[in-house]
Amino acid sequence: DNGICMDNLLPGKSRIKGAGRGAFASRLLPKGSVVSSTPLVHLHRNATKTKKVKHGGKNRKIGKQLLSNYLLEQADDSSILSLPLSPLVNLINHGDEPNVRLQWSSSNPKDETYLEYGAILTPEEIIKNPRLNDLQLEYIAIREILPGEEIILHYGSGWVQDWQEHKKEWAPVANAQAYSPSYIMDDVAGLIRTEKEQATHPYPENTMTGCFYRYSTHEKSGGITAGKQQKGEATTVKWKMDRRTFEYDNLRPCNVMQRDEINGQVAYTAMIKNWQGLTRDEMIPKGEIHVVNSIPRQAIRFIDKMYSTDQHLPNSFRHSIQIPVGNYIRQTSKN
């Protein structure tokens, strides 16, 4: 009696130009019915900003993460933002003629004083408060929604105003037409070009090749020459796989030096490099040229270079969704 259907939505290509994917009704949804219900994770606004780091000799400016486009807020000066967690609700796009609205869930605690905690708690206390973590929002049909109809929510007047200004000022970044995400390159590239071949037929500037490789496995097996390497001295080992090789943490930059055919299978020789986030036992000693041969094609992937994805484009639109529900958790202090 207290359950809510969570299969009212289906993913699909949005009918709104440029919107990408959207959420669609899987069945007839009567006016006033609950289209979906979602729990929330509360975040401090500062957590949505990218870090200021130095890269390529330049200081990167602090910006907003793409996550901002999926967060809910009640006011621009609120320190607390909330992320909906239910399946497919983050595919619901904006439109001027919405067919759903947001309201607090009837399953929330009946004592509404929990909504007033924002006035006395710091943002950090709000985020950690267990009662506030139980809050849920409902997407309510404001008219009858037909099967296959796209679900539309109005994102708020502030969002609309900023979006209109963004469209007026937006222009593509340099060489935008040459951009190709790493996952596209993985789909289309069969044989991997060597460094020599890339000199005349380069891959997109935003990508580089990476190899799944565990330095520690080869070192413990005695496959790496013992003793300190002289600066510039090369160490060559044969690639081998263990049960952890293909974990994403072990994907690291590599320069493909040579392509060979071994027993009818194509294999590669590459110079392996270090990458951010590696543990100490996976770090190749400074000054060592570490070459690995017999690398299979499936152990080579394309990697997006740092700060080259659309997460870091300086002219991307970043704005939280504004919600009109009353008594929303709001903490305006800049703590």
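Strands, a helix and a loop

Me: How many of the residues of strand β2 are buried?
Reply: This is a predicted model, where local features need pLDDT of at least 70, side-chain atom pairs count only at pLDDT 80 or more, and totals for chains, interfaces and linings use all residues. Residues are numbered from 1 along each chain as its sequence is written, and side-chain values use heavy atoms, with hydrogens and water left out. Buried means under 20% relative accessible area, exposed over 50%, partly exposed in between (1.4 Å probe, protein chains only). Strand β2 (residues 21–25) is mostly covered, and the buried count is 4 of 5.

Me: Is Thr217 buried or exposed?
Reply: Thr217 lies in helix α5 (residues 215–220). Helices are DSSP runs (H or I, at least four residues), strands likewise (E, at least two), numbered from the N terminus. Relative accessibility is 16%, so Thr217 is buried.

Me: What is the length of the polar contact between the side chains of Thr217 and Asp242?
Reply: A polar contact is a pair of N or O atoms within 3.5 Å; within protein, one must be able to donate a hydrogen and the other to accept it, and residues adjacent in sequence count only if both atoms are side-chain atoms. Thr217 has one with the side chain of Arg214, at 3.3 Å. For Thr217 and Asp242 the value is 2.8 Å.

Me: What separates the C-alpha atoms of Glu205 and Lys305?
Reply: Glu205 sits in the loop between α4 (195–200) and β12 (207–212). Its relative accessible area is 67%, so Glu205 is exposed. Lys305 is 100 residues away along the chain, yet the C-alpha separation is 8.3 Å.
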